[in-house]
Amino acid sequence: CQASIRQVNRMKLYIIKFAASPSAGRLEHVLDRAVSSLDIPVVTEYITSTEQFSDLADKGKLQSSRLIFAVETDISGINPEACKLLRYLRLKSIYPAAPCGDLPSVTAAAVNGRRDGAFSSDTADISSSGYGVLPDTENLILSGAAGGIIVDGQCDLFTKDLGRRLAFTANLAGCNFPGKPLAEATSDLRNFRVLAGIWQTDCYEAYVRSCTLLLQKVLNFRLPVQDHPSILAVHASNRRTSNSLALWEMTSAHLAGKADIEVISIRNGQLWDCRGCKYEECLHFGEKGDCFYGGVMVEKVYPAIVRSDVLVLICPNYNDSVSANMMAFINRLTAVFRARDFSRKRVYAVIVSGYSGGDIVAQQIIGAINMNKNLILPGNFALMTTANDPGEALDLPGIKAQTAAFARRILIDGAG
């Protein structure tokens with residue numbers, strides 16, 4: 001009886017393990033070490049193919065689950081099975097109700113609908129937004145799940161790139177990610193030198209420890225309860241011309257009375273970018289809520305982000321990147337980040353592209369704010385669309401429903 005009780009209390013962890021061909025064997029060994037080092041009772045189930053993953057996902061078994069995406073890349077930085085998984089997740093985020101076997105045909109129908117100029121109700125959701133952010137995201141295949149990512153490379157490049165792609169794509173499918181959800185290992189493990197020095201060990205053991213801590217973080221992850229969240233929205237836009245800011249204002253109207261909202265513009269005045277102070281100097285200023293370069297970051301942004309539960313970045317696509325002022329804002333967060341715990345704060349984004357590339361901006365935000373600055377990445381974190389002329393975004397088909405759903409997600413994610 002006691003054994004049965006213990007079994008019931010054991011958490012389940014799905015490990016999506018895609019080895020390279022040929023495999024160096026390092027990822028498998030590190031995973032074995034990390035799992036055996038866990039201080040949490042856990043049952044592990046390994047998934048080694050996209051077909052196995054899709055079979056579980058299509059049956060709803062991966063919703064509210066705990067997932068580790070563990071991928072080994074070959075010397076070209078590619079893993080073919082991971083590419084198959086990315087394709088499956090992207091298609092399911094667009095067509096959440098379609099069985100896996102029907103995805104090729106439904107995709108062909110969407111393309112033909114565009115070519116013929118006649119969109120069905122299925123293709124309308126895709127055509128009305130930049131990527132197809134659907135109003136109903138509660139039933140996506142990874143809704144409620146929490147994930148972490150391990151990328152083990154046989155070369156010195158592409159590990160972080162694959163990690164960001166996996167995070168963005170799984171997030172589109174509804175997966176939440178805690179702050180710092182990526183453990184990446186380049187071929188020679190030199191990227192672990194700093195941690196190895198801090199932990200007084202070698203690079204290999206630092207890699208193992210990083211993976212162990214990541215597994216524990218994912219197993220323990222829960223979205224923090226924030227019934228009446230404090231929201232900080234940051235932008236560097238012109239209110240008269242910005243589609244991104246217009247969509248946020250449409251969204252925030254649905255949050256009125258249900259959240260405390262503070263909007264800070266970093267467009268006006270001079271915002272100095274980070275100049276790379278020494279770590280000790282940056283920490284010294286950060287502990288005082290200060291920064292050597294002062295200005296609006298110290299006077300307004302630092303106090304606001306410290307008291308906020310939610311950070312919303314309003315980001316037009318500038319040359320397939322966030323704007324210069326927004327990048328400076330992200331860089332300057334380092335001082336306060338080093339002195340404060342951001343792990344219970346959530347990040348969202350409103351991204352409007354004049355042509356295309358919203359996914360590139362979203363991945364930039366994921367890398368900088370979730371993977372670096374330790375904020376939570378809630379499922380379907382970004383409202384993305386395409387609009388060029390001022391005010392055009394407000395007239396997009398279905399945009400009112402999308403902004404309402406985006407506001408609802410912000411509130412639901414904080415409801416616990």
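**Strand order and aromatic contacts in a predicted model**

In this predicted model, five strands make up an open sheet with parallel pairing, and their order across the sheet is E2-E1-E3-E4-E5. The edges are taken by strand E2 (42–47) and strand E5 (182–185), each of which has a single partner strand, so that one side of each is left without a neighbour in the sheet. From one strand to the next, the twist averages 15°. Within the sheet, strand E3 (residues 66–73) is paired with strand E4 (residues 146–153) in the parallel sense, and eight bridges join the two; Leu 67 is found opposite Gly 147 in E4. Helix H4 packs on this sheet, where H4 touches strand E1 (11–18) and E3, and the direction of H4 makes about 120° with that of E1.

The aromatic side chains were examined next. A pair of aromatic rings is described by the distance of the centres and the angle of the planes. The model contains five aromatic pairs, one of which is formed by Phe 53 and Tyr 88 in an edge-to-face arrangement, with 6.1 Å from centre to centre and 85° between the planes. Because Phe 53 belongs to helix H3 (residues 50–58) and Tyr 88 to helix H4 (residues 80–94), this pair ties together parts that are 35 residues apart in sequence. Phe 53 is buried, its relative accessible area being 0%, and Tyr 88 likewise counts as buried, at 4% relative accessibility. A further pair, that of Phe 337 and Phe 342, is tilted, with 6.0 Å between the centres and 55° between the planes. Phe 337 is buried at a relative accessible area of 18%, and Phe 342 counts as buried at 1%. Phe 53 and Tyr 88 also belong, together with Phe 69, to one aromatic cluster.

Charged side chains lie over the faces of two rings named here: Arg 209 is placed over the face of Trp 199, at 4.3 Å from the ring centre, while Lys 373 lies over the face of Phe 337, at 6.0 Å from the ring centre.

As to the confidence of the prediction, the protein chain has a mean pLDDT of 86, and 81% of its residues reach 70 or more. Over residues 1–8 the pLDDT is below 50, and this stretch has one contact in the model beyond near neighbours in sequence. Residues 113–135 also stay under 50 in pLDDT, and for this stretch the model has 45 contacts beyond four places in sequence.

Technical notes. Residues numbered from 1 in each chain as written. Predicted model: local features only at pLDDT ≥ 70, side-chain atom pairs only at ≥ 80, totals over all residues. Heavy atoms only, no water. Phe/Tyr/Trp six-rings, centres within 6.5 Å; stacked < 30°, edge-to-face > 60°. Helix = DSSP H or I, 4+ residues; strand = E, 2+ residues; numbered from the N terminus. Buried < 20%, exposed > 50% of the residue type's maximum accessible area, 1.4 Å probe, protein only. Lys NZ or Arg CZ within 6 Å of the ring centre and 35° of its normal. pLDDT = per-residue confidence, 0-100. Contact = heavy atoms within 4.5 Å. Pairing = 2+ DSSP bridges. Axes fitted to C-alpha atoms, helices over the stretch in contact; angles between N-to-C directions.
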